[in-house]
Amino acid sequence: MAEFIARFLADSGISPLILTRGYAGGDEARMLHRHLLGRPVKIGVGAKRAAVAARFFERYGYVDPSSTSKRSDGLCIEPKVGGHLSSEKIGAVILDDGMQHWSLQRDLEIVMVNGLTLWGNCHLIPRGPLREPLNALRRADVVVLHHADLVSEQNLKDIDLMLQQVNKSLPIFFTKMDPCYFFDVGNVNSRKPLRDLSNSIVLCVSAIGSSNAFVKGVEKIGAFYVDRLEFSDHHIFQAKDTEMIRRRLRELEDTFGHKPVVIVTEKDYDRDPEIFKHLDPYEVLALCSELKIIPHRECTEYGFKKLLKGDLKDELQGTDRN
């Protein structure tokens, strides 16, 4: 979602800064750098978000509403020269995973909810997965129900109703991860179409927060058989892990009589681009996906972008949203 918003802002003439903590050596930051290459997007990594932002403001400056131009849609933007931004001044900041970062003021609170796991057992850490009680959703401006394509219609209706009970004016958007292509871990610039996986024996290896969504996405691509091997979120793969993966691959090869293919997520690849090369001669591919908004009543991609534009318009024109 951070990438989706940054891409939209950059294409709208606004240079955004993404602030991320940089877990596991900054795997997400590396992936963002690769995906947003060529766009006027800055990525700041560090636990002290305000300090990181201050360094970027000092280096690049930030947009002064009094010196910006207005477009037909009301947004205040930096002027362009030759199709490019005339300056690298920062026009918006995207705080990745920042709902509990109370010390930083924000203009728009977007809460992502995993449609497959929701609230778990509804208990707070350490008894459950929640960082705050569910009534914290009352301070959200937008809720995004992620992996909605993997949730039944009835469950979607139940979740929608529950969210409306917490905050009846809350816009609720549905999103999914749309698989695009694979690349070989030995060559990040390679591209393999999704159809290459058809009728293959696959081992999904992941160390992410929502492995079920990853595996279900691979299953929908059309593999003959999909096995899975999961590690904790942000796990750093080591030699003993690759040996465990090799054992599972040999078991699959003995069972089916064909050499299986390993599929990993981009995040897992970016955590250590070299480790999966040690699985040779087995083929290891990274799955590239992008976030898509699923139309849901009036909550469409157009509506989401319009909401972002409206918030930026108010902020840059100095309008008090409260």
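Glu283 is partly exposed, with a relative accessible area of 30%. In this predicted model, Glu283 forms a salt bridge with Lys192. The closest N and O atoms of the two are 3.5 Å apart. Lys192 is partly exposed too, at 25% relative accessibility.

Side chains of opposite charge can pair when their charged atoms come close.

Lys220 and Asp149 form another salt bridge, with 3.4 Å between the closest N and O atoms. This pair also links distant parts of the chain, 71 residues apart. Lys220 belongs to helix α5 (residues 211-221). Asp149 is in the loop between β9 (142-146) and α4 (153-166). Asp149 counts as partly exposed, at 29%.

Now turn to helix α1 (residues 2-11), which holds both Glu3 and Arg7. Glu3 forms a salt bridge with Arg7, and their closest N and O atoms are 2.6 Å apart. How many residues separate them? They are four residues apart in the helix, so about one helical turn lies between them. Glu3 has 17% relative accessibility, which means that Glu3 counts as buried, because the cut-off for buried is under 20%. Arg7 is partly exposed, with a relative accessible area of 26%.

Salt bridges can also join into a network. Which residues are linked in this way? Asp27, Asp268 and Arg271 are. Across the model, the count comes to 21 salt bridges.

Step back to the whole chain. It has 322 residues, and 47% of them count as buried. Eight helices and 14 strands make up its list of secondary structure elements. Contacts can be sorted by how far apart the residues are in sequence. Among contacts with a separation of 6 or more, 73% involve residues 24 or more positions apart. The accessible surface of the chain comes to about 16,800 Å². Carbon and sulfur atoms account for 49% of that surface.

Definitions and conventions: Residues numbered from 1 in each chain as written. Predicted model: local features only at pLDDT ≥ 70, side-chain atom pairs only at ≥ 80, totals over all residues. Heavy atoms only, no water. Salt bridge = Lys/Arg side-chain N within 4 Å of Asp/Glu carboxyl O. Helix = DSSP H or I, 4+ residues; strand = E, 2+ residues; numbered from the N terminus. Buried < 20%, exposed > 50% of the residue type's maximum accessible area, 1.4 Å probe, protein only. Contact = heavy atoms within 4.5 Å. Areas by Shrake-Rupley, 256 points an atom, 1.4 Å probe, with all protein chains shown as cover.
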